[in-house]
Amino acid sequence: MQGPGPNGNVTALDGRGDVRWSIGDIISYQSVQQLDNGSVLASFAAGDYQNCGPYDSPCKRTGVRIIEPEPEPRVVWQWSYPVRTREDSEVHDAEMLPSGNVLVADMEFESIFVLNPKTGDRVWTWNASQHYGGPEDPTTTDWLHLNDVDRIGDGRYLVSIRNMNQLLVVERGSGVVEVVNENPDSGVLDKQHNPHWLGEDAVLVADSENHRVVELHRNDTTDTWEEAWSVAKVGGIPLDWPRDADRLPNGNTLITDSRNNRVVEVRENGSVAASYSVPSLPYEADRLPHGESAANSVSPYGNSHTADVGLFDRKVPVLSTLLAGARHVVALPFWVSELHLLAVGVAAVLWIRGGYLLAARG
């Protein structure tokens with residue numbers, strides 16, 4: 001869970017949605033990965049640190065933790081660095097590699113790197129400025145918002161560049177060898193999160209600002225990536241800022257529907273296989289023991305579009321922005337919509353107007 005406020009937590013649910021264990025009470029957790037020994041690797045951000053490097057204390061730090069669930073959940077290892085502002089510099093993703101090193105997506109310098117957890121040293125780094133150029137000091141602004149990296153082969157990584165609406169395939173020694181959405185089109189991807197590589201010609205993406213999950217396939221004729229499948233409504237409820245989507249070995253898709261505070265599993269036809277209510281703006285969910293399954297254990301879908309967005313499901317300017325802001329502050333039920341916000345606003349105006357009239361008569 002990312003939050004809001006100090007509600008960041010990592011929580012394990014059973015098949016009924018009941019809590020098995022939980023650890024939290026920090027600003028945010030983002031990525032989660034269960035390791036072979038049952039521990040959990042998670043990226044995080046927390047506050048009230050005194051060791052702040054170049055910044056005034058107390059400060060925030062961000063990095064990677066290993067959580068041991070048994071007998072009571074506790075942090076058994078941590079690597080972190082101080083940041084000027086969490087919004088501009090946050091570790092959104094980390095993954096344990098077969099070598100025992102940790103792959104990290106770093107917003108501080110908009111880079112991906114491989115960390116030796118025993119020494120705390122970086123053994124390899126790729127900076128996004130090698131591909132995009134950029135500001136002299138990327139720590140002062142939320143420039144690219146590099147929010148995800150996955151190992152998809154030996155020395156081969158899938159990288160999500162949120163602010164450019166692009167996915168990159170980066171190879172060690174070669175740099176960028178593939179760009180998904182090369183001419184950044186917000187109709188294809190809009191500030192996406194947590195892509196799942198399904199193979200050389202298919203990728204599943206939480207297309208966050210388009211409020212859908214989309215599967216893109218490479219068109220071999222045009223060498224472009226095109227929509228093959230998408231879903232925008234699950235269980236009659238429109239997705240609201242989904243930020244994770246995993247294709248499961250059984251062929252279903254697991255979706256983290258962030259502002260609706262739920263995790264849902266859907267079939268290829270869009271019907272609901274399972275649904276779990278969770279609090280506080282979930283960021284990523286994994287179905288255990290699979291996690292984000294390797295490409296050779298999952299299958300892409302065919303050209304069977306399932307997007308289902310009706311007239312009253314569409315976003316409303318201003319009201320949608322206000323509602324999204326409110327969901328960052330408090331955990332609202334999924335059924336709260338722009339219409340509810342409008343009704344509250346109208347009621348408030350009428351109440352103020354009525355009070356004014358009563359005062360004027362007095």
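Student: Why is Cys-59 called buried?

Tutor: Buried means under 20% relative accessible area, exposed means over 50%, and partly exposed lies in between, with a 1.4 Å probe and protein chains only. Cys-59 has 7% relative accessibility, so it counts as buried. The model is predicted: local features need pLDDT of at least 70, side-chain atom pairs count only at pLDDT 80 or more, and totals for chains, interfaces and linings use all residues. Residues are numbered from 1 along each chain as its sequence is written, and side-chain values use heavy atoms, with hydrogens and water left out.

Student: What makes Cys-52 buried?

Tutor: The relative accessible area of Cys-52 is 3%, and therefore Cys-52 is buried.

Student: How do you know that a disulfide joins Cys-52 to Cys-59?

Tutor: A disulfide is a pair of cysteine sulfur atoms within 2.5 Å. The S to S distance between Cys-52 and Cys-59 is 2.2 Å, and a disulfide joins them. By this rule the count comes to one disulfide. The link of Cys-52 and Cys-59 is left-handed, with -100 degrees about the S-S bond.

Student: Where is Asn-147 placed, and what makes it buried?

Tutor: Asn-147 belongs to strand 11, residues 146-153. Helices (H or I, at least four residues) and strands (E, at least two) are DSSP runs, numbered from the N terminus. Asn-147 has 0% relative accessibility, so it counts as buried.

Student: Which residues does Asn-147 touch, not counting residues up to four places away in sequence?

Tutor: Contact means heavy atoms within 4.5 Å. Asn-147 touches several residues, including His-92, Asp-93, Ser-160, Arg-162 and Tyr-283. Asn-147 and Arg-162 are 15 residues apart along the chain, and their C-alpha atoms are separated by 6.6 Å.

Student: What joins the side chains of Asn-147 and Ser-160?

Tutor: A polar contact is a pair of N or O atoms within 3.5 Å; within protein, one must be able to donate a hydrogen and the other to accept it, and residues adjacent in sequence count only if both atoms are side-chain atoms. The side chains of Asn-147 and Ser-160 are joined by a polar contact of 2.7 Å.

Student: How do you know that strand 12 and strand 13 pair?

Tutor: Two strands pair if DSSP finds at least two bridges between them. Strand 12 (residues 156-161) and strand 13 have six bridges, in the antiparallel sense. Ser-160 stands opposite Leu-167 in strand 13. The two strands form a hairpin with four residues between them, and Asn-165 in the turn has a positive phi of about 55 degrees.

Student: How many bridges join strand 13 to strand 14?

Tutor: Five bridges join strand 13 to strand 14 (residues 175-180), and the two run antiparallel. Leu-168 stands opposite Val-179 in strand 14. Their hairpin has three residues between the strands, and Gly-173 takes a positive phi near 90 degrees.

Student: Why is strand 13 called mostly covered?

Tutor: Strand 13 covers residues 166-171, and five of its six residues are buried.

Student: What makes Asn-101 buried, and where is its place?

Tutor: Asn-101 lies in the loop between strand 7 (91-96) and strand 8 (102-106). At 17% relative accessibility, Asn-101 therefore counts as buried. Among the residues that Asn-101 touches are Glu-95, Val-114 and Pro-117.
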